[in-house]
Every structure is written in structure tokens, then in C-alpha cells.
Amino acid sequence: MPPPVPLALKNLTHDKVRFALFAAGIGFAVVLMGVQYGIMNAMLDSNTVLIRQMKCELVLVNPNRASLMFPAGVSQRRVEQAKGVDGVGRAVPVYVEYQSAELRHTARDPRDRTNTRRVRVVGIDPAADLLDLPGSTAADRAALGTPGTALYDRMSRAHPTRPGESVFGKLEPGARTELAGQKITLVGGFEMGFDFGTDGTLVVSDRTFVQVVRPASFGFNPTAEADLVAIQLAPGAHRDTVKAALAAKLGGDVLVLTRDELVAREKAFWWTNTPIGFAFGAGVVLGFVVGTVICYQILASDVADHLPEYATLKAIGYTNRYLSWVVLQEALILAAAGFVPGMAVTYGTYLILTELTGLPMVLTPGRFGLILGLTLVMCVASGLMAVRKVKKVDPADVF
Amino acid sequence: MSSKLPPPGQPVLRVRGVSHYFGTGDTRTQVLFDNTLEVMPGELVIMSGPSGSGKTTILTLIGGLRTLQEGEIEVWDADRGDYRTLRGVSESDLVNVRRLIGFIFQRHNLFDSLTALQNIRMAQRLRANGPSDPDADARALLTYLLLGETDIQGKPQKPRFDYKPAALSGGQRQRVAIARALVNRPKLVLADEPTAALDANSGLAVVTLVQQLARPRPEADLSKLVRSAAEAGENGRLADWQIPLLKAVANEHGTTSLIVTHDARIMNLADRIVHMERGRIESNVVVAERLFVREGLRQSPAFAAILPEEQEKIADAVLVGVHPDEAVRPDQLTGKSGRLEVYGPGETIVREGDSVNESSKFYLIRRGTVEVLRADGGAPKKLTEMGPGRYFGEVALLMNQPRNATVRALSRVEVYTVNRATFDQFRDVSRPFIDRVLANFRAGGA
């Protein structure tokens, strides 16, 4: 028997220009899906950067704290209780302030001064080394031990008109400025990024946090409640066992979550309580629908253009199964031809958007796989619709 | 490949009582009416008739391209050594029938995206046990059809094997399509105007190939086709290098072809001509049988009184649609009473002294041998023996004398018969013309 004839490939690539247009059509759908999905993920990712940078296995959180943004804390008593649970290495309180922390740049040059603007302040015992702060040096982090110092986020929201400056003004090591009405010195930077709730983040020591952001006042002990409690396991302890033990010990007023569960919970909050999910999810669906229509049009017109030839194949003894397989192969070739350039453009767009907006657009293998999967489903679904057309081809039409 | 022909005397294709309808409900129209046809192995059958007479419909039914509604069609499967019926079978069985057949369509229907060889390969892929080098086989076929390295003059040319249809002329595309249809050496070829787009030389190459696939032709016949362009005229010619290639590519025989055509070049080669009118097979003539009967009648002095075209009508009225080399089966005579009689050895066909009347017959021997006896003083004396093509009993057509000899079958004998009523009917048509000729002749002589 002679070698198989790659009919599907030949039919599609016979006219190179047409094939390029086909690939561009499918690629467009891939870009639409990829970019919308990317923005959606970036938005959800940006809200969870802080959690993901915590070096811990478990987190204690107040069940009423639907999102990191809302104030509801875990009592210090619970922190102490947690420390007593088997398998818990350390329980580190994390303080996060969204509301009352305002940053005002008090530069020497009046032109560099800014108005007050809310900033997120994270207070942690520097000795605990809990946060992974990319872009910061150990010296910077050690400098936080001095009260009244802060590390600033180099990826804070950019100033709309002054290039290279953040909305908080010129942030640089050594800058002396004002946080919540108190003097503060910036000792170094790190990279985290802004999100829906904040334009940027300052990291300070727990002592500085108490002094500057949540000063003790009559009847109010700022450290009585931690916003989050990071649990680091003792060596050899099993995460799920410890989690169960903590949940049993602490009761219903504390939620024990793995770090990933907290990330998912935070994302779910933003997904359901804001239009992000719908808006960008609809974008993905739109891309899928557009791609399906384009792919179906290509395949259906291929069948229509080759009607006498397909009828001839049936007449000489080819089965419906073979012809259906040809159409499905064409669908898969279109998927591949559209996906490769489409994904390249998508990735390029991610880089550009990250550069332009600061949104963390990341292409994980899972997300790559999802776009590939959607592209395949899109093409195979339209292939299956076009198959019905080729099955209807009447071999008697050849005469 | 172990391909078998049907048992002797059995057809490769059997169509029985086939009717067909298009449309449903009020628009349901009958397009075929109770058609019956048998085609023997190796026959070249021409389907003729005006457009709309149902030729193509019956071809699509035979090819398994349409679902059979009424009647029975059986196609011989050479690989299985059995008939495949087309009545009430599943789509997959129909597909198997289609694979037995080589289809040549009026339109070439080649894939634009594939080269000539790849288009042919699409057909080759359907044959499980083809030649060891399928591409070489396809190239040989294309070369024979003048698409290879050599042209009709024997001069080198660019082979068209790897050309896509867009780079080929209409005739070249059609030849690729013909190669695709014949490359699996099907035992049944269904063709619709296969040579319409072809020039004389290509047309002749195709027709000769189809014929050679039916049965090998004598070398002398083939070499007659190698001639000069002037000699060939519109009939076309073959190049001498094509002859050995023809023998190489037509390496299997017994192919039967059903061809719808108006091309006289093919018509002249037909073994059987099936004429259709308004959905019915009006005539089904085996050309060799027609020639045999016409020649037989022409020899008899009795028929000299009948005009040649009327003689032909008498001849056509007794044909049974079976080649004179083949014995007739009883079922082939149903609905054809009064045309042919069959006698066993020793049976008497006419007896000396039997009285003769309107229903007495003239006999033309189709098969077998008879002896002629006459009473000679009591004991019958054998006058002679007669074989196929000879006739007896013609006196009965002309006068009421008793039979003057006894004719007895020596073997199984088949005889065509013409009775006096039929004869008189045609003689009456011819008489005024013949009388006028005679009158002129007498006047001229006087």
C-alpha cells in the first residue's frame, strides 16, 4: 500500500495566503482568550501577592475577614494557644493596615511633595523573616529593626504624569517622609505591586507598626489582635495533621487555612464580589465563540468547496468515518496553526501589559494548558459541526 | 491477488426488476421501470439513450451510490468469489461494493491540493493487497496515458506525475482521473462519457486500455493502432512504445465496463449496446449475436425478398442478448418466447412430410449440430450435417408444401426461429419497393 496522503494538511495549506488568514483568524481568538484570561488572572493574582510571599504553611484568619482588605483580627490569645499545638514551629502575627495608613512625601523640594494617599502597611517582626521580598537585601530587612524605618514597594502604582515616580512621589532609600502623620525613613525597596485595594505597600517592623500606624491609646492595645497569623511547622510535622489539630484547638472564631486555601479564598472573594470574573470571563467566552465560528466557517467552506471531490472519495469507497477524520484533522491543524502564533502574541501582550500597567501577568503551565485546551475544544467542536456536512455528501452527485 | 471470475455462463453483474423513484409524496416520480440486465465478464457495454432516460441513475444504483428501492442488483466480488447483493444492505456493505468498482466521471473531481500521483494514491490506499511498488504502477499507467516522460512522437517531455490539477489541461486531468479509476484493476468499470474531454490519441489510449483489461487482444490488432498521424486522422493512434507498456499495465483481464457515451470510437468497440428510453431498457443487444443472426438471415434466399433494413428488424426481433459463444440458460429466455428453441440430442426439430401452415418456422442454428435426413425408400438417409450459422426450413416461409426433410439434433442445439406471420409482415413492407425495382428492371430490359 502506498504511504498515506496527508489530505487534511494539503487541503488547508494548498493556498498559502488563505491558510495564513485561517491561522490568523484562529490566532485572533487565541489572543482574545489568552489576554482576557491573563488580565483576569493578573487582577486576582495581584490581590494575593502578599499572601503568596508569606513563608509559612498555614495561616490563621478571622472567619469574618472575607478579604484581606477588611478589618477583623485573630486574638493574641489564639496565637499563644496555637503555639502550644503539636507540630507548630512558630506562630507569627502579621499586621496589615489599609485604612488609616496615609503616606505623604515631605521632600525638601516643594515640587516633589505630595498629598496624603492611602498605602498598605504590613507590620512583621523582622527577626521572624516571614516575608519573601524579592528585590530586597538582607541588610535592608535588617535595617527595619530600627524603629521608624520602612521598606517601600518599587512597583507601587506609577505616577500618571511623572515618569519613574510612583503616585506617592519619589520613593528611594534614605528618603525621609511622613506616614500617618509621623516621620519615617525609607531604608530600602522590594517588589510586590499594587492591586484593587492599594496603590502600594510599605513593610515595617511590628514595633514601628504599633508606634506609627496603630498607636496604643486608652483602652486599645494594638497588638491584642493580629490581622493574620502565619504558622510555620516544626520540622517533620505534617501539614494536614497540624491543621486539623489547630482547628480542633482554636474553635470556631478562627479559620485555619493552608496558604493556598487562603489565596483561593481571597481570589474567590474578588471573583464573586467584583465584575472581574464576569467581565474577563465573558471576554474568554467571547474569544471562544469567535474562534468556534471562524473555525466552523473555514471547515464548512472547505467541505463546500470540495463537495465533488469528497463525493468522489465516497463513491470510490471511502467511509464517512474517514471523511470525518479528515475534517477533524483539519480542525486540529487549524488549532495548532492558530495556537502557536496566537500564544506568542498573547505572551508578548503579557509582557507589554505588565510593563505598562504593573499588573503581574504570569503565564503558568496550568494557564498555558487551559488556553491550549480551550483552543482544541473550540476547533474540535466546530470540526464536529462540520463533520455533519461531510456526512451528508451524496456520492451519487459525482455523475 | 486471487481474483476469480464468475462460473462459466454466469454474469458479473445482474440487474433484475429494478425500478427507482425520485422525490417523496406528491413529487414522487418514477424514473426507472422494471429494468433487467445481465452483463458477462469482460464485456464492453455501451449505455445509450437520450438524456433523462435513466442511464446515469441505473449506473449510480449499480455502483452502490444510491440505495436500491425496488428490484435486485448483484455484483460479482472477484476477491470473495461470490456475488454481493445491493438490496437492503448497510452503508458499510455499499462501501465494500463501491471498492470493487472503478468509477470514471464526466468531471475529473481531482483534489486541487494533491499532485497527480497523490490523487491516484487516494484510490490505491483502498486496495489491501496491491502491487509491491504502487507508485511505479501509477507512473506506468500515467506514462501509458501520455503523461510520462515520453510524448506520442517518442520525444522526451516533462512528466506530469507531480503536477497539481491547476497545472494540467482538461484532458490531462481527465486522464489522471481515469488512471485513478483503473489503478486498482477493478473488475467492473462504470464510466460516464470518459473520453469527452480527450483528444483523439488519448481517447484511443483509454479505450484500448479498457479493452485490453477486458481481454488481451492479438498483437496484430494492437500493432494496427501504431500508425502515422495522417493515417490515424480523427481515430487517433498509439506510439510503438505504448504497446509493451499497455501489456504491462493491463496485467489482469476480465474487466467489464459499462460506459455511457456518445463517442462513436467507443461505440464501435462495444460488445453489448443497451439502449434506454424513458426509464426503460428498450433494447439490450449483444453485438456479436446481432451480427451472427443478420449474417445467417442474409445467406438464405428466402430473405432476398426483404429489404436489408427490414431483415435487420427481423434479426433484432429474435435476439436473446446472449453471445453466440455462450449457451443460453432457460432463465435468459423468460419474456422472449418465439425467438429461440432448444433441443436435446436426438430430438427432432422438423419432420419430413409434416404439413406447413402460418405458424411454421424458419430455423437458424445458433449452437450445436443437426443432421438432415430424407426418406429414401423407407429407411431415412442422412443427407448432411449442419452447424452454427446454417439455416433450414425456409421453404415453409414461402409456400404450403409439406416439410421435405427431417432435421434432428445431434447435440444440444439452439435455433433462432422466424415464423411465416413475422416474415410476411416484413415482406409486405418490402414488396412495393421490390416490385418497383423489378418493374424498372423489366422496363429497362425491354
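View 1. In chain B, the highest confidence sits in helix α3(B), with a mean pLDDT of 94, while helix α14 (residues 420–445) of chain B has the lowest, with a mean of 75. Keep in mind that you're looking at a predicted model. Taken over chain B, the mean pLDDT is 87, and 99% of the residues reach 70 or more. As for scores for the model, ipTM comes out at 0.80 and pTM at 0.78.

**View 2. Helix α3(B) alongside helix α5(B).** Let's zoom in on α3 (residues 116–124) of chain B and α5 (residues 170–182) of chain B, whose axes come within 8 Å and cross at roughly 30 degrees. An angle under 35 degrees counts as roughly parallel, so that's the word for how α3(B) and α5(B) lie to each other. The crossing of α3(B) past α5(B) is right-handed. Which residues do the meeting here? On the α3(B) side, look for A116(B), N119(B), I120(B) and A123(B); on the α5(B) side, they meet V176(B), A179(B) and R180(B). Sorted by class, this contact of α3(B) with α5(B) has five nonpolar residues, one polar and one charged.

**View 3. Helix α5(B) next to helix α6(B).** Now stay with α5(B) and find helix α6 (residues 200–214) of chain B: the two axes come within 11 Å and cross at roughly 10 degrees. That angle makes α5(B) and α6(B) roughly parallel. From α5(B), the contact uses G171(B), R175(B), I178(B) and L182(B), and from α6(B) it uses S202(B), V206(B), L209(B) and L213(B). How do the residues in the contact of α5(B) with α6(B) divide by class? You'll find five nonpolar, two polar and one charged.

**View 4. Helix α4(B) crossing helix α5(B).** Here α5(B) shows up again, this time with helix α4 (residues 134–147) of chain B; their axes come within 10 Å and cross at roughly 140 degrees. The crossing of α4(B) and α5(B) is right-handed. On α4(B), the contact residues are A138(B), L141(B), L142(B), L145(B) and L147(B). On α5(B), look for Q172(B), R175(B), I178(B), A179(B) and L182(B). By class, the contact of α4(B) with α5(B) splits into eight nonpolar residues, one polar and one charged.

**View 5. Where chain A touches chain B.** This contact takes 20 residues from chain A and 28 residues from chain B. On the chain A side, the elements that give two or more residues are α1 (7–13) and α10 (307–315) of chain A. Which of them gives the most? That's α10(A), with five residues. By class, the side of chain A that touches chain B has 13 nonpolar, five polar and two charged residues.

**View 6. The domains of each chain.** Chain A is divided into domain 1, made of residues 7–46 + 275–398, and domain 2, made of residues 53–257. Between the centres of domain 1 and domain 2 of chain A, taken over C-alpha atoms, there are 46 Å. For chain B, the domain assignment gives domain 1 (13–277) and domain 2 (288–430). How far apart are the centres of domain 1 and domain 2 of chain B? Taken over C-alpha atoms, they're separated by 39 Å.

Definitions and conventions: Residues are numbered from 1 along each chain as its sequence is written. Chains are lettered from A and ligands numbered from 1 in the order in which they are written. This is a predicted model: local features need pLDDT of at least 70, side-chain atom pairs count only at pLDDT 80 or more; totals for chains, interfaces and linings use all residues. Axes are lines fitted to C-alpha atoms, for helices over the stretch in contact, and angles run from 0 to 180 degrees between N-to-C directions. Helices (H or I, at least four residues) and strands (E, at least two) are DSSP runs, numbered from the N terminus. Angles under 35 degrees count as roughly parallel, over 145 as roughly antiparallel, 65 to 115 as roughly perpendicular and the rest as oblique. A crossing is left-handed if the near helix is turned anticlockwise from the far one by less than a right angle, and right-handed if clockwise. Two residues are in contact if their C-beta atoms, placed from the backbone, lie within 7 Å. Ala, Val, Leu, Ile, Met, Phe, Trp, Tyr, Cys and Pro count as nonpolar, Asp, Glu, Lys and Arg as charged, and the others, Gly among them, as polar. pLDDT is the predictor's confidence in each residue, from 0 to 100. Domain bounds come from an automatic or database domain assignment.
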